[in-house]
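Here are my notes on the model you sent over.

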Amino acid sequence: MPIDHKTVQHVATLASLSLTDEETLAMTRDLGAIVGHIAELAAIDTTGVPPTSHVSMGRTAWRDDVVKPGLTHEEALAQAPRTTLGGFAVPGFVES
Amino acid sequence: MNLLELPVTTLAHLVQRGEVKAIEVAEACFARIDVTNDRVGAFLALSREETSLQAKSIDEKRARGEALGALAGVPVALKDSLVTRATVTTAGSKMLAGYVPPYDATVVARLRAADALLPGKTNMDEFAMGSSTETSAFGPCRNPWDLSRAPGGSSGGSAAAVAARMTPAALGSDTGGSIRQPAAFTGSVGVKPTYGRVSRFGLIAFASSLDQVGPFASDVRGAARVLEVIAGRDGRDATSLDIAPGRWERDCDRGASGLRIGVPEEYFAEGLDAEVEASVRQSIDQLQADGCVVVPVTLPHTRHAIATYYVLATAEASSNLARFDGVRFGARVEPSRDLRDLYGATRDHGFGAEVKRRILLGTFVLSAGHYEAYYLKAQKVRTLIARDFAEAFERCDAIVCPTAPTPAFLLGDKTGDPLSMYLSDVYTLPASLAGLPAMSVPCAPAKSGLPVGLQIVSRPLDEATMFALGAAVERHHAPRAAAL
C-alpha cells in the first residue's frame, strides 16, 4: 500500500494534526519507508493464531471500594491554559 | 570518600547507621550535577530546595530514633515521564513545558516513603519516542563516556545520570527497550520488570500494553533494591499484578551454577557489531565456567519484532496522545476559529516531528481499510513472538544475548533516517512484546572503552533468575563510572 500525499492528509485529519505543506511532504516520504518495512508482516502465516492485545501474567489488583478524596475543583483547573466560568474554556462548537 | 561512587545498598546502609547524613549526600549530589550536567544534559529540572528539606527530614527522623527506609538518603533521578507533585514534568515535550502535576506517580510516592532523595527530572526522547534522547524538545543528552555520542534512549538522561555518578540510581520507563538500550550504551544496569510488576499510575502513557517502569543503578544489587521498593500491587493501575515483590537483592547472592542459559542464534546474526559479539560471547563463556549450562535456542520470529512493535506501539500512542488537545493542560495555540482548529494548531505546535510521525503511523494502521492488514496482523505476530519465548523456556531458564547491536552511536547519526533508528531496537523489542522481565548488565567494554551491554531475559515473573545471572556477569566485570 503506497503512502501518498492524500493518505497523509487524511490520516492527519483523523489525528487532529494541522500539518504544514512541508511537513506533509516529509511525512509522506518517512511513512512510505516505514510502511514499506512493516508490510513484511503480510507474509507471515498467522492462520489460527489469536491476536494478543495485552499480556497478562496473573491476577491484577483491584482497588479497595472506599471513597477517597480526589482533586479539588481548583487543582483540576490549575493547569488549564484557559478557564472560564469555573470550567475549561473551549471555542464554541454548537452552531446557533 | 566519594559518596556518589558508592553502590546504592552501601550508601543506604551508611545513612541508616548515621555514618553519613542524608544532607551530605544531597549536597554531594548537587555538587556533582553542577560540574557535569552542563556538558551531559542529563537533567531537565532540579529540585534543590525540596531535596534539601527531604534530606533534613530524613536526618531528623533518624535523630528521633526512627528506622530509615531501604533507600535512605539515596539520590534517585526520575525520568521526566513520571509525574511529580509540584515539580514541572514535561515528558521531553514542548506540549507539556511548564506543566506542574497535581499528584505523584505511585513509584515516586514509594521512593519517597523509602526515604530516597529525588534531586530532579531527567532528559528523554519526547514522550519516550526515540532511541537516542535526541527527540527531546529541550536539547539532546550526551553520553558521559563520549560526549559526541548518544546515551541511547528514550531514558537517556536517567542512564547518563547514573553513568556519570550524578546519582547512583534512577528510574526510567521501557516500552521497547528504553531502559535496557541506554543502560547498555552508558555501562549502567537497567531493568525492565515483568509487565504488571510495577505500577504505571502517573507514568505519562506511550503504549500502555508495553510501558513498564524500572530502575537504573550503578550495580545489579542496587537495581534489585530499587525494584523491591517500587514493585507491587497498586489499585490505581488496572494492569498492576496482585503479586508481592520478590527478594531480588538476596537473589544476587544465589550464584548462577546449574542454570541453563539459552543463546538464541537470531541475536547473533547480520548487523551485530563484532566487538559487541565478542564481549557477549566472553560473558557466556564465563557463565559456563561458573557452572551454567549453555543451550542453543531459537526465536524464529525475532526479525519481525520491529514491524510488529512499530505497528502496535504507534497505534496505542495515537490513542494515548489524543489527550493533548490544548484544553485541560499543556500548550494551547490561539486564536482558534473552532474546536477542530484549536486541536490541530495546538498539536502541530506542541508535538515534535518524531511524535507526529508515530501518531500518523498509529492512526494509519488503525484506520478503516488498514486495521486488519496491519494492526490485527501485528497482534497475531505478537502472539507468535511470545510463543517463541515460551518454547525456548522449556529448554532453558533464561536467555542471554546482546542488548543492542552496536555500542553507542554518534549523535546525529540516525536522526535523518527514522527507520534506521527503529532498527537499532531489534534486540530489546521481543521481550517487551512478550511482557517478559529483561535487564541489561555491562560486560567487557569495546576497545574504544565504550560500554557494551549483555541482555538477560527470563520467564514471566522470574526476576529472581535474572538477578542471579546479572550478578554473576557483574562479578567478572566490576561496575565502571564514566570519567568526567
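1. Is strand 9 (residues 398-402) of chain B largely enclosed by the rest of the structure, or largely open? Keep in mind that this is a predicted model. In it, 5 of the 5 residues of strand 9 of chain B are buried, so the strand is largely enclosed by the rest of the structure.

2. Now for the partners of that strand. Strand 7 (residues 260-264) of chain B runs parallel to strand 9 of chain B, and 2 bridges join them. Strand 11 (residues 453-458) of chain B runs antiparallel to strand 9 of chain B, with 5 bridges between them. Here B:Ile399 has B:Val457, in strand 11 of chain B, as its bridge partner.

3. Helix 10 (residues 305-320) of chain B is another element to look at. Its 16 residues should span 22 Å at 1.5 Å a residue, and the end C-alpha atoms are 22 Å apart, which agrees. Of those 16 residues, 14 are buried, so helix 10 of chain B is largely enclosed by the rest of the structure.

4. Stepping back to chain B as a whole, its secondary structure comes to 16 helices and 11 strands. The radius of gyration of chain B is 21 Å, close to the 23 Å from the globule rule for 484 residues, so chain B is as compact as a globular protein of that length. Along the principal axes, its C-alpha atoms fill a box of roughly 65 × 55 × 45 Å. Of the 484 residues, 65% count as buried. If you take the contacts in chain B between residues at least 6 apart in sequence, 76% of them join residues at least 24 apart.

5. You'll find B:Ala256 in the loop between helix 8 and strand 7 of chain B. With 22 other C-beta atoms within 10 Å, B:Ala256 is buried; the cut-off for that is 20 or more. Leaving out residues up to four places away in sequence, B:Ala256 touches several others, among them B:Leu287, B:Cys292 and B:Ala472. B:Phe467 is 211 residues away from B:Ala256 along the chain, and their C-alpha atoms are separated by 9.6 Å.

6. Then there's B:Arg250, found in helix 8 (residues 248-251) of chain B. B:Arg250 counts as partly exposed, with 14 C-beta neighbours inside 10 Å. Its C-alpha atom and that of B:Pro442, 192 residues apart along the chain, are separated by 20 Å.

7. What does chain A bring to the interface? In total, 47 residues of chain A are in contact with 65 residues of chain B. The elements of chain A that give two or more residues to the side touching chain B are helix 1 (5-14) and helix 2 (21-38). Helix 2 of chain A gives the most, with 7 residues. By class, that side of chain A has 30 nonpolar, 10 polar and 7 charged residues.

8. A few backbone details deserve a check by eye. Most residues other than glycine have a negative phi, and most peptide bonds are trans. B:Gly153 and B:Ser154, however, are joined by a cis peptide bond, with omega about 10 degrees. B:Ser154 lies in the loop between strand 3 (120-122) and helix 5 (156-163) of chain B.

9. Two leucines have a positive phi. A:Leu85, with phi about 50 degrees, sits in the loop between strand 1 (83-84) and strand 2 (87-88) of chain A. A:Leu85 counts as exposed, with 6 C-beta neighbours inside 10 Å. B:Leu461, with phi near 70 degrees, is in the loop between strand 11 and helix 16 (463-476) of chain B. B:Leu461 is partly exposed, with 19 other C-beta atoms within 10 Å.

10. Last, the confidence scores. Chain B averages a pLDDT of 97, and 100% of its residues score at least 70. Chain A averages 92, with 98% of the residues scoring at least 70. Among the elements of chain A, helix 1 has the highest mean pLDDT (97) and helix 2 the lowest (95). The model scores ipTM 0.95 and pTM 0.97.

Note on methods: Residues are numbered from 1 along each chain as its sequence is written. Chains are lettered from A and ligands numbered from 1 in the order in which they are written. This is a predicted model: local features need pLDDT of at least 70, side-chain atom pairs count only at pLDDT 80 or more; totals for chains, interfaces and linings use all residues. Two residues are in contact if their C-beta atoms, placed from the backbone, lie within 7 Å. Helices (H or I, at least four residues) and strands (E, at least two) are DSSP runs, numbered from the N terminus. Ala, Val, Leu, Ile, Met, Phe, Trp, Tyr, Cys and Pro count as nonpolar, Asp, Glu, Lys and Arg as charged, and the others, Gly among them, as polar. The radius of gyration is taken over C-alpha atoms; the globule rule is 2.2 Å times the number of residues to the power 0.38. A residue is buried if 20 or more other C-beta atoms lie within 10 Å of its own, exposed if 12 or fewer, and partly exposed in between; C-beta atoms are placed from the backbone. The expected span of a helix is 1.5 Å times one less than its number of residues. pLDDT is the predictor's confidence in each residue, from 0 to 100. Two strands pair if DSSP finds at least two bridges between them.
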